[in-house]
Amino acid sequence: MRRLYLSATFIFWLLVTAFWVGSLWLPPAEKSAAIAVDKSISLAELAKHRTPENCWVAIRGNVYDLSAYLPEHPSQPDILLSWCGKEATEAYNTKSKGRPHSSYADELLVKYRIGLLASGKP
Ligand code: HEM
């Protein structure tokens with residue numbers, strides 16, 4: 001019984017140590033994300049991504065890859081689709097009809113950010 005207890009304890013600490021050592025080998029996540037996020041994207045590059053499967057949109061100086069979000073967007077698909085490959089700050093701010101998106105929509109945007117718009121347009 002004591003032998004079993006000692007073996008279990010040994011295996012437990014072996015696993016803890018293995019996970020700890022393994023975590024030291026992982027690349028620093030924030031650092032690699034920061035590099036990707038700060039990528040500078042020109043209007044010409046943005047314009048190449050204008051299909052439903054490959055839809056980039058610039059809003060408030062940032063570029064977002066909305067390909068995965070397009071089917072989720074609550075409006076008619078064409079409304080958002082028509083902004084793929086373009087600077088769409090005004091459209092986003094007004095939903096094309098004078099009403100701003102909710103703070104929930106602003107939060108959603110964050111996870112689709114892929115870089116900065118090179119022209120620095122607001
Ligand atoms: C860029 C051009 C965009 C246009 C023209 C646009 C337009 C619209 C319209 C017409 C509606 C439905 C009607 C309404 O709620 O008043 C809507 C709702 C919504 N849109 Fe967009 N949208 C755009 C981009 C986005 C993006 C990039 C996101 C988020 C990633 C987003 C998230 C939402 C959400 C969550 C709603 C539900 C209502 C709200 O929370 O404000 N939209 N949008």
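Start by selecting Y64, which stands opposite R113 in β5. Before going further, a word on the model: it is predicted, so local features need pLDDT of at least 70 and side-chain atom pairs count only at pLDDT 80 or more, while totals for chains, interfaces and linings use all residues. Residue numbers run from 1 along each chain as its sequence is written.

**The sheet**

Now colour the strands (E runs of at least two residues in DSSP, numbered from the N terminus, as are helices, which are H or I runs of at least four). Strand β4, residues 62-65, pairs with β5 in the antiparallel sense over three bridges; two strands pair if DSSP finds at least two bridges between them. Next pick S40, whose bridge partner in β5 is L116. There, β1 and β5 (residues 113-117) run in the parallel sense, joined by two bridges.

Zoom out and you have an open sheet of five strands with mixed pairing, in the order β1-β5-β4-β3-β2. Look at the edges: β1 (40-41) and β2 (50-51) each have a single partner strand, so one side of each is left without a neighbour in the sheet.

**Two serines in loops**

Select S67, in the loop between β4 and α4. This serine counts as partly exposed because it has 16 C-beta neighbours inside 10 Å; the scale is 20 or more other C-beta atoms for buried, 12 or fewer for exposed, and partly exposed in between, with C-beta atoms placed from the backbone. Show its contacts (C-beta atoms, placed from the backbone, within 7 Å). Leaving aside neighbours within four places in sequence, S67 touches E53, N54 and C55.

Then jump to S82, in the loop between α4 and α5. With 13 other C-beta atoms within 10 Å, S82 is partly exposed. Its C-alpha atom is separated by 9.8 Å from that of C55, 27 residues apart along the chain.

**Around the ligand**

Finish at the ligand. Of the 22 residues around it, S75, A88, K95, S102 and A105 come nearest; to be near, a residue needs its C-beta atom, placed from the backbone, within 6 Å. Highlight α4 (77-81), α5 (89-94) and α6 (103-110), each of which supplies at least two residues of the shell. Which helix gives the most to the shell? That is α6, with four residues.

Colour the shell by type and you get 15 nonpolar, five polar and two charged residues. Here Ala, Val, Leu, Ile, Met, Phe, Trp, Tyr, Cys and Pro are nonpolar, Asp, Glu, Lys and Arg are charged, and the others, Gly among them, are polar.

Conventions. Two residues are in contact if their C-beta atoms, placed from the backbone, lie within 7 Å.
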